[in-house]
Every structure is written in structure tokens, then in C-alpha cells.
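Colleague: Hi! Could you walk me through this structure? I have a few quick questions.

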Amino acid sequence: LDRVSSIAAKYIGRPISQLPPVQPVHLSSLDFRLASFDGYGVGAGPSLDLDLLPGSSSSMPNLPFQPVVISDMDKSLMSDIAANAMEELLRLLQTNEPLWIKSTNDGKDVLNLESYERIFPKPNNTHFKSPNIRVEASRDSGVVIMNGLALVDMFMDSNKWVELFPTIVSIAKTIEVISPGMLGTHSGSLQLMYEELQVLSPLVPTREFYTLRYCQQIEQGLWAIVNVSYDLPQFASQCRSHRLPSGCLIQDMPNGYSKVTWLEHVEIEDKTPIHRLYRDLVHSGSAFGAERWLTTLQRMCERFACLMVSSTSTRDLGGVIPSPEGKRSMMKLAQRMVNSFCTSVGTSNSHRSTTLSGSNEVGVRVTVHKSSDPGQPNGIVLSAATTFWLPVSPQNVFNFFKDERTRPQWDVLSNGNAVQEVAHIANGSHPGNCISVLRAFNTSHNNMLILQESCIDSSGSLVVYCPVDLPAINVAMSGEDPSYIPLLPSGFTITPDGHLEQGDGASTSSSTGHGRSSGGSLITVAFQILVSSLPSAKLNLDSVTTVNNLIGTTVQQIKAALNCPSS
């Protein structure tokens, strides 16, 4: 009783004088250990046995979100915590000064931590007893091409949540539905969830959260959804990230769009220092901040809108895609390709990895998994990724990768030959948001095409591509189900480097200054290779060396083409 009372006081901000009669808390016997994958060397022998994980890397790993038995007392406590978190969220979203002040650099909202702590006093100032605690807070708002109820429906479904944010959410799972809410509106719905958030680079560790997600319809056409960390005793040792009341306010607009105001507010304990390449981006709050969530949401909702448009693209060269069904099938195939790429690049705890020395100071991170899913080739798949910095603006780097005229300068699939776009599907208002089918001339693989999707917003960009044989492309273009077409994508992520001039910037962090970006780019290059069609085979070290050299050569070619120093 004392333990539960103290937990409640910590979250609600006041002691609980009366509680229901104490019932035994029945929790299933769970193994919450997450493996550490450091220390696997590669120099001792001709093969590299990484104890290959069963199943595909896109399948749900054995992580600590198995069902638990939650007592009525726990549910009552969760409801109180969620209600108080919703109250705090609404005040933070709807109040400006003194809680929020405008940045003198870019006019964005910055949380005044002193005002926050005065208005929302917490019995414990931090959930972690460590000097390495940082607070990140950011707020942003914008118009989204989707109605409010559709957004709410996607936000309250963990599977749709992952589909909506594949570049940010690596894993999401509903552990328990505490309250289903009202049918049709989700108002009153309360869920206990697990999610893992990522930056698409092997250098940035993921962030894990066990959260309560609570939806409330404030009035007709206005919803609020709050996320707040909830630490069951089994979960406490796993997470070094704590989400203070965060979430969004969704307001229907007369034209069928929505105005969304987004808030991210977290406490982070850095167990190890952030790599210097990402230190400014992460410490400023931009890597996981509200602007990244909102711009990704806007871009993905544009993509969904394009998916529903019945007409085919005006740049479908030569009528290659014959019908709206063919266009939708191609878009679904490309989305699956992007999702697979994001899974392969991230540092999820579901991946077993080792880091090799490479052509730059970062090295190459290698992961291996057994693939058996219908949408991937059967066998052992090797994924390798590295990140490097260039003194070139993210827009110029994106244009370089997207332009088929410069593709032979870096793409091994084209073998240095010219590449032609034979089909084009726009999937957003920005011309860089599109799907392309490319053909390389004068190659020995005349039956092979390249499927590519590129996407860009203010938080960064992606160029993802995959070789697909002609019969498979024809299946998708004819409008048939593309789910069983095997894909093994590779590609690039490009983000602003976050290097900052003096100033106060766009978001709040308790450990760093803020300002304008200096214009450089952080580029992650990632390849996936089928190294064996035999699921029981071990990974030969030659395969690791090959992919290591492939990445190193690609990085050097990119630097040469963009007139950057090779060191």
C-alpha cells in the first residue's frame, strides 16, 4: 500500500488519502532481459557466428511487452495518472507565456523550465538518480491532410502507429487495453503501450517507453491524445527514458483537414555519451522533437491522400502503369520497401549486431538475421550501415542521390551505366516525394529494374531503392497483391547535422545551447545482401568483408562526386 501510494503521489502530485482495498497483484513470470550485442569480434576465424536470430528482422522480437495481469487497483491508478497527464497536456498545448517563449532566432516555441516547474510541481524532480539527465521539450503545430477522427483511429492502433511513422517508431505494441473508450470516437480509450523510437543511424541508441496513451474528445471535432510514462516494477530497470505528459491536440477544419498541435516532453538518461556527429542534433531536442513528428505526419498523410486519388500520374512515362489499382499496388510495394529499410538501419534492441572497422572513424555496423517472411528472400540476410558527415546542405545531397543522371557515380547496381526513369508516381506536394521505376542500360541484367522511393521534409530525407525483376514489377503494375514480392532494400538517410550557432533555438534541453543549423549533412548509407539461401548456414567472413568494402567504396565515390575531402 505504501509503495502504490508513493507511486501515485509521484505521478499525480498529491498523496492519496484513501485507496480501494488492496488486492494481490498477479503478474506473470516474465524474462525482461534485453541482450547486449557489444563485443563480438570478427578477426578470429573464417566464419562469423552471430547466433542468428530466428525469423525476419521485421517480425516482433521477444521484447518485454508480453501480456501482464493488471489488477483493478492498478487500473484505477492508471486512470488517475492519465487524467492528470491530460490536464497538464492541455495547459501546455493551449498556453503561451509564461510557459512558452518564442525563440529569437526562428520564432519557434521554447519551454520555460522554471515556469513549468512552478506551475506543475512534482514531488520528485527526476525519475532517474544520475547526473546524466537531460530534459527535452518542444512544441509545433501545422495543418494535416486528414480528418481528425481518421488521425485518432490511427494513433490509437499500435500497428497503424508504426505504419504511420516508420522512420521514427521501430516497434509499438499494445500491452493492455485498460479502457476501450466510446465506440466510434475512441473518447475515454486508455492503453498501456510499449514503443521504441529511433533515429535512422547506427550511431544513435533507440529510446524505449512504457506509456499510457489516453484519448479524450474535448468537444465536437476536437480531440486530445496524451502519452505519459508508466513504470510497472518489471519495466523500471529497462527504460532510461521517461516521457512526461506529451501528445497532441487535433482540431477538425471545415475543408476536411486537421490542425494538429504536437508536444514532446521527455527526461533522458544517457548511459553512454551520444556520438559527436549526432550530439548537437540529439541534445537540441531536434532528433526526437515535435517538429520531426509533425513534419513526418504531414508527409505521410499526403502520401495516403495520393494513394486514394483514382487518377494515374501524369508522369507515368509511356503508360507503363495502366490503372489506379496498379498505382496503389506500386505505392504499397514501395511503402513496404521503405519500412523494411528503416527496420534494417535502426539500432533496435531486437537486432543482434557487431561493429567493424571501416573507411571512416565510425566503422560499419553489421546485423544478421534469418529471413523467412513472404516479403523477403529466404535465407540469411546481412545488413550493414555507417554514418558520415559532409559539408554539403541536406537539400543538395538529396538532389544528388535522387537525380538519375548522377546515379552512375555511386550506384553499384547500375555498373556505371546510364539510368532512365521509366515510371514515376508523385506521392506528395514536394517534387522530391515520389516513387520511381528505373532501368539501367547496357547491363547483363536486362530483366532487372530498380524500384525507388524518395521522400523529404524539414527534418530530413530518404532515398530507398531495391532491385526487382521485371515479372514482379509487372505483377504490381497490373494491380495484383504485391505482398509476396521479395524485397531487400538499400539506401540513404540524410539529416541536418544540427551544428548550432549561438542563440536559443527551437526547443528546450537542459544541457545545451541552441541556434541555427550550419548547413552540413549527416548521411547514413545502408545495404542489405542475401549471403546464403540456406537458413542453417553460418556467415562467412568474406561476405562481411565484401559488404564492408562496398560501403567504403560507396562513401568515397559520394565524397568525390560532391567534391568533399576523402578523409
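**A chat about the model**

Modeller: Let's begin with Y257, which you can find in the loop between β10 (246-252) and β11. Keep in mind that this is a predicted model.

Colleague: Okay. Is Y257 buried, exposed or partly exposed?

Modeller: Y257 has a relative accessible area of 32%, so it counts as partly exposed.

Colleague: Let me zoom out. How many helices and strands does the chain have?

Modeller: There are eleven helices and 22 strands. The chain has 567 residues, and 55% of them count as buried.

Colleague: New topic: aromatics. How many aromatic pairs are there?

Modeller: The structure holds 16 aromatic pairs. Take F155 and W262: their ring centres are 5.8 Å apart and their planes meet at 75 degrees, so this pair is edge-to-face. F155 belongs to helix α4 (residues 148-155) and W262 to strand β11 (residues 258-269), so to speak two distant parts of the chain, 107 residues apart.

Colleague: Why is that one called edge-to-face?

Modeller: Plane angles over 60 degrees count as edge-to-face, and the planes of F155 and W262 are at 75 degrees.

Colleague: Are those two buried or exposed?

Modeller: F155 is buried at 2% relative accessibility, and W262 is buried too, at 3%. W262 also pairs with F165: the centres are 6.0 Å apart and the planes are at 70 degrees, so this pair is edge-to-face as well. F165 is in the loop between α5 (158-164) and β5 (169-179), 97 residues from W262. With a relative accessible area of 0%, F165 is buried.

Colleague: Which residues make up the aromatic cluster?

Modeller: F155, W161, F165, W262 and W293 form one cluster. W161 has R213 over its face, 4.0 Å from the ring centre.

Colleague: Where does the charged end of R407 sit?

Modeller: It is over the ring of Y465, 4.8 Å from the centre of that ring.

Colleague: Switching to charges, how many salt bridges are there?

Modeller: The structure holds 14 salt bridges. One of them joins R139 and D109, at 3.0 Å from N to O. R139 is in strand β4 (residues 133-144) and D109 in strand β3 (residues 109-111), 30 residues apart.

Colleague: Are those side chains in buried or exposed residues?

Modeller: R139 is buried at 8%, and D109 counts as buried at 11%.

Colleague: Which residue does E136 meet in a salt bridge?

Modeller: E136 meets R207, at 2.9 Å from N to O. E136 is in strand β4 and R207 in strand β7 (residues 207-219), 71 residues apart. Both residues are buried, E136 at 4% relative accessibility and R207 at 6%. They also belong to a network of salt bridges that links R134, E136, R207 and D270.

Colleague: What about R405, which residue is its partner?

Modeller: R405 forms a salt bridge with D403, and their closest N and O atoms are 2.9 Å apart. Here R405 is exposed, with 69% relative accessible area, while D403 counts as buried at 19%.

Colleague: Last topic, the backbone. Which peptide bond is cis?

Modeller: The bond from E97 to P98 is cis, with omega near 5 degrees. P98 is in the loop between α2 (72-94) and β2 (100-102). For context, most peptide bonds are trans, and most residues other than glycine have a negative phi.

Colleague: What is phi for H186?

Modeller: Phi of H186 is near 65 degrees, a positive value in a residue other than glycine. H186 is in the loop between β5 and β6 (190-197), and at 21% relative accessibility H186 counts as partly exposed. N563 has a positive phi too, near 60 degrees. N563 lies in the segment after α11 (541-561) and is exposed, at 71%.

Terms used: Residues numbered from 1 in each chain as written. Predicted model: local features only at pLDDT ≥ 70, side-chain atom pairs only at ≥ 80, totals over all residues. Heavy atoms only, no water. Helix = DSSP H or I, 4+ residues; strand = E, 2+ residues; numbered from the N terminus. Buried < 20%, exposed > 50% of the residue type's maximum accessible area, 1.4 Å probe, protein only. Phe/Tyr/Trp six-rings, centres within 6.5 Å; stacked < 30°, edge-to-face > 60°. Lys NZ or Arg CZ within 6 Å of the ring centre and 35° of its normal. Salt bridge = Lys/Arg side-chain N within 4 Å of Asp/Glu carboxyl O.
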